[in-house]
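Subject: Structure for you to look at

Hello,

Here is the structure I said I would pass on. Please open it alongside this message; my notes follow below.

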Amino acid sequence: MAENSPANGAANPAAEANQAQLNLQKIYTKDISFEVPNAPKVFQLQGQPAVELNLSQRVNTLADAVFEVVLSVTVTCKIDDTTAYLAEVHQAGIFGVTGFDSASQEAVLGTYCPNVLFPYVRQVVSDLVQGGGFPPLFLQPINFDAIFAEQQRRRAEAPAESPTLNS
C-alpha cells in the first residue's frame, strides 16, 4: 500500500493554513506636523535644548485578520521655557495577522508591528527637524517588548472596577 505524502517533505497545505502568519501589506505616513512657533527669534537663543518624547500607538481593525497599527511620536524641544520646535508624526502600517491566539495576536500588534514602524518614524522626525533649521535629532531605539510587558503588568495589577453606591 502506497502512502500519500507530499514529496520532498513539503508540508500539508491544510496544516499550513492553520499556522500563524503575519504579513506587512503597507507602510505609510498618516499625519505629519512640524511647528517652529517662535521663529526666527528661537534661532538666536542660547542654552541647552530639552527634548521631550511622547509615544503612543493604537490598533484599528480594518477587516477580518487585517489591522492598521498607528505609531504616534511627538517631539517637543524647548530652550529654557521657549518652544523651539514641535514635531508630530503618525506612522501607520497595515498588517495581516492570522493563526494567532488572542494573547499572541495582541503581543504581535503591540510589539512586532511598532518595531517595524519605528525606523520610518525616526527618519521622518530627523528629516523634519533638520529641514526646520535645527541640528539633526536621532531618536534612540525603543524597547516595545518592555513597554508591552509593562502595560500587561499594569493591566493585571489594576483592581477590578466595581460599582460604588453613594448615600
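Is the crossing of H2 and H3 left-handed or right-handed? The crossing is right-handed. Please keep in mind that this is a predicted model.

First, the helix pair. Helix H2 covers residues 102-131, and helix H3 covers residues 144-157. Their axes come within 9 Å and cross at roughly 150 degrees. Angles over 145 degrees count as roughly antiparallel, and H2 and H3 are therefore roughly antiparallel to each other.

The contact between the two helices is made as follows:

- From H2: Glu 106, Ala 107, Gly 110, Thr 111, Pro 114, Asn 115 and Phe 118.
- From H3: Phe 144, Asp 145, Phe 148, Gln 152 and Arg 155.

By type, the residues of this contact are five nonpolar, four polar and three charged.

Next, the sheet. Four strands make up an open sheet, with antiparallel pairing, in the order E1-E4-E3-E2. Strand E1 (21-35) and strand E2 (49-63) are the edge strands, each pairing on one side only. From one strand to the next, the twist averages 15 degrees.

Strand E3 (residues 66-79) and strand E4 (residues 82-98) run antiparallel and are joined by 14 bridges. To find your place in E4, look for Glu 88, which has Thr 74 opposite.

Finally, how the two parts meet. Helix H2 lies across E1, E2, E3 and E4, and runs at about 140 degrees to E4.

Regards

How values were computed
Residues numbered from 1 in each chain as written. Predicted model: local features only at pLDDT ≥ 70, side-chain atom pairs only at ≥ 80, totals over all residues. Heavy atoms only, no water. Pairing = 2+ DSSP bridges. Axes fitted to C-alpha atoms, helices over the stretch in contact; angles between N-to-C directions. Contact = heavy atoms within 4.5 Å. Parallel < 35°, antiparallel > 145°, perpendicular 65-115°, else oblique. Left-handed = near helix turned anticlockwise from the far one by under 90°. Nonpolar A, V, L, I, M, F, W, Y, C, P; charged D, E, K, R; others polar.
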